[in-house]
Amino acid sequence: MTGRAGLLKAIPRALVPLMVAAILGASPNWAAAATTRATPVADPFDPDRGGVAHGSEQGILWGGHGEIRLADDRVLGASDPEWFSIGRVNGFAGARLSAKWRLSGEGTWDRATDDFVLERAELTYRWKRSLQAHGGIFPAPLGRTNLRHDAPLNPLAEHSLVATQLIGVPNAMLGAGIRGVTRGAKPMSYEVDLVTGLSDGLLYESPGGTRLPFGRSNYGDNNGLPSIAARVAFHPRAGTEWGLAGQTGIYNETKIGGVTVDGNRWVHLLVADGVTRWFGLDLAAEAGVAFIDIPPGLIGLYAEDQWGASLEASRTLWDPLFGNWKSSALRVALRGDAVDLDRGLLGDSRHRVMASLNVHHRPYAIARFGWYYELRRDRFDNETPHAGVTFTAASYF
Amino acid sequence: MIKRQVPQDIGRIRSRAAHGVQAMRRAFRERSLDAAIVAICLIAVLSIGCSDLLTTKPPIGTRFDQPMEGLDNGELGDFQDGQEQFRRAFSIAEGLGPIFNNVSCASCHSGDGRGVPSNILTRFSRGSDLVLGEGGPQIQDRAIPGAEGERLPAGVDVSRRLPPPVFGVGLIEAVTDSTLLTNEDPGDSNADGISGRANWVTPPAFVPATEPGGGPGPRVGRFGRKAQVTSLLQQTVDAYHQDVGITSPQRPAENTNPLSSVVVPGLDPANDPEVGGQEVNDVMQYMRMLAPPAPGEMTARRAQGAAVFTAIRCGACHLPSLRTGAHEIEALADRDVPLYSDLLLHDLGDGLADNRPDGSADGREWRTAPLWGLRIAREFLNGQLFLLHDGRARSVEEAILFHGGEAAAVRDAFNALPAADREALLDYVESR
């Protein structure tokens, strides 16, 4: 098919020299200039977010970030230019109510998931750095990307497929739990929450098969039974973090009009993630697998197993890009990612490569010149190639 | 007074100078390497070319989902709208079910071509009784939570049918009744062993006379494995209703399992009808304007195969071409259609019989299957091929060998061919 031939010809020829050049050209000494993306999330739960606030006064901080997108997207050679669109819009605010109490809120609209999410409406009580209690609506600890995904921090225009198609970043839920970061040279961070979990939207709202992001429900639960979400992350050295997260719980409501129509059904989601620095490259990876208990009448059409993974490499080429503009930098980024939305089928999957050349105004803004090539396979395993060139700009405001 | 530098100072200065030179060299090397990365990337992009990096348009005639040539801009717009509806996968919240076979039109027709055994449809009846009270005429074995999928009742006549290709149906629609009837020979008056007759079917009341194949009274059926459907409108409406569980203005009542052991009201949260007349029309127009793939190049071997095809009388039923009549879409009107079918019913023998009547077709009769599109069929079936009504034949040769009844003599003639002629014939058919 045209798509397969295009992939076989185009992608390896494009990627091999780029990867080889990036690796050969890397130098261990060339590690000083990195974006905040490479900084491990030592305390990803800090209400101050690690991002950039626009204002701060009397214990209150506020800000936001946004992203615009200009693109020429193509499917099978047919151009579908998108001259201007909003990629992401976010607003956040936090208040330090006392030495121990903090209140924070955040809302995001994201193009990839085409949804507005109240990401945070959270009250935190901080006994100490290693033990905090929190409650309200907050991002479920399902991997590093879901915990920290401010648009200006991303070296590529889109989140990975595992993030958008499996985890559903931004994925925030109503709940309560504890979290903290241990002290020492090799700290460990953890979070354990009881949350509302995913809803039966992952079946009822999703067209064409199981889609976990359609089960995001951050205002309440539809079955009265909480899910457990947890993450533990290790930081063996500066710039490196290895995390493991999971969520398990019942997603469905078993009654319609007071009549019990189905039993309790479970969904389990496991996510592994990591960031590190290797030969001058900032590497980030995330992988997830989901197991869904499907009602018998839908088995065969709705997926019982899904998985996805992504690997991302970025590197600074010039820092500063211009001598008198000290905060400028020029970086390249490359990502390969894939998601199999039904392991029971040959098809129903997506594979993608993305590359980007970025101009940074650290830490506030980024302009990205990007390219992507994606193969989408339908349920018959027929490929349809998608590709595009993009210009995106993201900034805190 | 000039301070005299002592040897230690000179050593320190030399050391600093050396470090400075090293740092400069390192910085130069690093920048050079980074410049090389950028240069290599640019060279890679330039050598590959933007067209490959941004996908390329497939040549005309190499896919099943391409529009007919000669459509005007308005028709192309309708084609796009219809394609979107054809590919639309319904969620439960949008009306999928309560019982159904698949989630969209595109989920049954691979790339708009034929289906695969995993999504085969099961039709059943008792004789000509469609047993609506037992879930007939088609099993919907999948169900949304709370509903119960249908199971095959005992003692019924069963016919398992692969979803047929949907390309080229507009051209089939545009062939006039009179053209089809010209090729009829129900009593085998020419004594060639091939009969062929039309399936006269009364279209449902919702198909108006303005619609091709519509109006009162029996009309010539031409769609479906037994030519049991007369119009694309009926085909579209019934596929929505029976296969996807989607109600429309033409069929506004949900299809439910009459033998269900559980009855829960309000299972399907969407209001009926779940699609409007516009969506139905969009899908119908899309199918109308789908072009058949182009046949392959006529090589010498294929020319030999074409001659054999005619000589052993494959073409008696698989007529290489039919002529269309007038049609509101100009691109469909008054042209020769290379579908390799007479669209008539033929007795194909006991081996292929499903013993289930359909319209006026009996249990041994099948509509001659068009051969167009075989050239690229494998590309949309993971390299496999599923032929005949239930996909039992995995190659053209197998399909020929399954023929019986009226086609038995042709099958025997095929068996008697020299190997070279057989291969040429198969090459020709698979290049259509």
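In the hairpin formed by β2(A) and β3(A), where two residues separate the strands, A:Leu76 adopts a positive phi near 50 degrees. Helices and strands here are DSSP runs numbered from the N terminus, a helix (H or I) needing at least four residues and a strand (E) at least two. This is a predicted model, in which local features need pLDDT of at least 70 and side-chain atom pairs count only at pLDDT 80 or more, while totals for chains, interfaces and linings use all residues. Residues are numbered from 1 along each chain as its sequence is written, and chains are lettered from A and ligands numbered from 1 in the order in which they are written.

The predictor assigns the complex an ipTM of 0.85 and a pTM of 0.86. For chain B, the average pLDDT (the predictor's confidence in each residue, from 0 to 100) is 91, and 96% of the residues score at least 70. Among the elements of chain B, the lowest mean pLDDT, 74, belongs to helix α1 (residues 7-48), and the highest, 98, to helix α12 (residues 419-430).

Chain A contains four helices and 19 strands. Of its 397 residues, 51% are buried; a residue is buried if 20 or more other C-beta atoms lie within 10 Å of its own, exposed if 12 or fewer, and partly exposed in between, with C-beta atoms placed from the backbone. Two residues are in contact if their C-beta atoms, placed from the backbone, lie within 7 Å. Among the contacts in chain A between residues at least 6 apart in sequence, 61% join residues at least 24 apart.

Strand β2 (residues 60-75) of chain A pairs with strand β3 (residues 78-96) of chain A in the antiparallel sense over 15 bridges; two strands pair if DSSP finds at least two bridges between them. Along this pairing, A:Gly63 stands opposite A:Phe92 in β3(A). β2(A) also pairs with strand β19 (residues 383-396) of chain A, again in the antiparallel sense, over eleven bridges, and there A:Gly66 has A:Ser395 as its bridge partner in β19(A).

A:Ala287 is partnered by A:Ala309 of β15(A). β15(A) pairs in turn with strand β16 (residues 328-340) of chain A, in the antiparallel sense and over eleven bridges; here the bridge partner of A:Glu312 in β16(A) is A:Arg335. In a regular strand the side chains alternate between the two faces of the sheet.

One residue of β14(A) can be followed in detail. A:Ile292 lies in strand β14 (residues 281-292) of chain A, and A:Ile292 counts as buried because 21 C-beta neighbours are found inside 10 Å. Apart from its neighbours within four places in sequence, A:Ile292 is in contact with A:Thr210, A:Val267, A:Ala303 and A:Glu304. A:Ile292 and A:Leu161 are 131 residues apart in sequence, and their C-alpha atoms are 19 Å apart in space.

Two packed helices are described by the angle between their axes and the distance between the axes. The axes of helix α3 (residues 73-87) of chain B and helix α7 (residues 277-288) of chain B come within 7 Å and cross at roughly 110 degrees. Such axes are lines fitted to C-alpha atoms, for helices over the stretch in contact, and angles run from 0 to 180 degrees between N-to-C directions. α3(B) and α7(B) are therefore roughly perpendicular to each other, with angles under 35 degrees counting as roughly parallel, over 145 as roughly antiparallel, 65 to 115 as roughly perpendicular and the rest as oblique. Among the residues that meet are B:Asp78, B:Phe79 and B:Phe86 in α3(B), with B:Glu279, B:Val283 and B:Tyr286 in α7(B).

Some backbone details complete the picture. Most residues other than glycine have a negative phi, and most peptide bonds are trans. A cis peptide bond joins B:Gly97 and B:Pro98, with omega about 15 degrees, and another cis bond runs from B:Asp272 to B:Pro273, with omega near -5 degrees. A:Asp381, in the loop between β18 (365-377) and β19 of chain A, has a positive phi near 75 degrees. With 17 C-beta neighbours inside 10 Å, A:Asp381 counts as partly exposed.
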